[in-house]
Amino acid sequence: MKKLDMSPTAPASANTAKEVCFRGCIVCDILSYAIAHAEKGQIWITHHTHPNIIAVAVLKELAAVIVAGGRKPDPETIRRAEEEEIPLYVTSYQAYDLAKWIASHDKEADDMITAAGVSENE
Amino acid sequence: MSAPLCKKEFFVQEFDFEHAGKAASDMRKLLMDYGFDQQIVRRLAIAAYEAEMNMVIHGFGGTLIMEINFEYIELVAKDNGPGISDLKLAMQEGFSTASDEIREIGFGAGMGLPNIKRCVNFLGIETKPGQGTVVTMRVDLGPDAI
């Protein structure tokens, strides 16, 4: 697990930490896709703002949820995140830029891209 | 068959997206408190969540029943919905009858039943058009389950 400085985002509530321990990241807006493919400890970038994103984050034991593209989570979503102790952040960054920034702090992501590149060329 | 060691019922409201996922979440917490193996709890929680969402979206609400037995944990999702007219199609990843409004909030991708199937050791679906659906899911408990 690596520590990530969350400064390109803003915590959705006051008592959310400015750093998150994470391992990898998933970007998707289909909830069942997140349920099928997210892994424990990942950061989830989504555009949904409703409370169900927290239910999915709890279910998959995710490190944090970031609502991208300047969208604002519903008050109930923020309340649920506090209750379930899921770090929830907002950002005006687009999902791609945010994922790029997270990947730049994630050595395993580099290794994965390299590995994928190798297998494709073979 | 012997009586279950423990039986719990969770109620699921139709179109209640505010509380949707609560039954699965409560069930997950209960199983964690009982000290079941994390991987088993994870698989059951995913199956419960997907079954719960199906009842919220398609089934006019319903009941999720969890039974702990010696050899397996069983989840039964019972609804009073319209039933599934083509089960084979419903099991196909990507097929969904959900409305555009449902899809806009990230549901209805046609992944629910396939997700359940991947997580459980047994999946049984009884359904008749107009008479609701009963989804039975079982996860086997190995010797190290608790």
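Here is the tour, starting with some housekeeping.

This is a predicted model, in which local features need pLDDT of at least 70, side-chain atom pairs count only at pLDDT 80 or more, and totals for chains, interfaces and linings use all residues. Residues are numbered from 1 along each chain as its sequence is written, while chains are lettered from A and ligands numbered from 1 in the order in which they are written.

**Stop 1: colour chain A by confidence.** The value to colour by is pLDDT, the predictor's confidence in each residue, from 0 to 100. Chain A has a mean pLDDT of 89, with 88% of its residues at 70 or more. Now select residues 107-121 of chain A: this is helix α5, whose mean pLDDT of 60 is the lowest among the elements of the chain. Strand β5 of chain A, residues 43-46, has the highest, at 98.

**Stop 2: select A:75-84.** That's helix α3 of chain A, and its buried residues are A:Thr77, A:Ile78, A:Arg80 and A:Ala81. Look down the axis: the buried residues fall within an arc of 165° (taken from the directions from the helix axis to the C-beta atoms), so they line one face of α3(A). The face turned away from that side carries the exposed A:Pro75 and A:Glu83. Here buried means 20 or more other C-beta atoms within 10 Å of the residue's own, exposed means 12 or fewer, and partly exposed is in between, with C-beta atoms placed from the backbone.

**Stop 3: hop to chain B, residues 62-68.** This is strand β2(B), which pairs in the antiparallel sense with β1(B), residues 6-12, over seven bridges. (Strands pair if DSSP finds at least two bridges between them.) Click B:Val12 and you'll find B:Gly62 as its bridge partner. β2(B) also pairs antiparallel with β3(B), residues 72-79, over seven bridges; there, B:Met66 stands opposite B:Leu75. Three residues separate β2(B) and β3(B) in a hairpin.

**Stop 4: show both chains.** 18 residues of chain B are in contact (C-beta atoms, placed from the backbone, within 7 Å) with 15 residues of chain A. On the chain B side, α2(B) gives the most, with four residues.

Notes:
Helices (H or I, at least four residues) and strands (E, at least two) are DSSP runs, numbered from the N terminus. Two residues are in contact if their C-beta atoms, placed from the backbone, lie within 7 Å.
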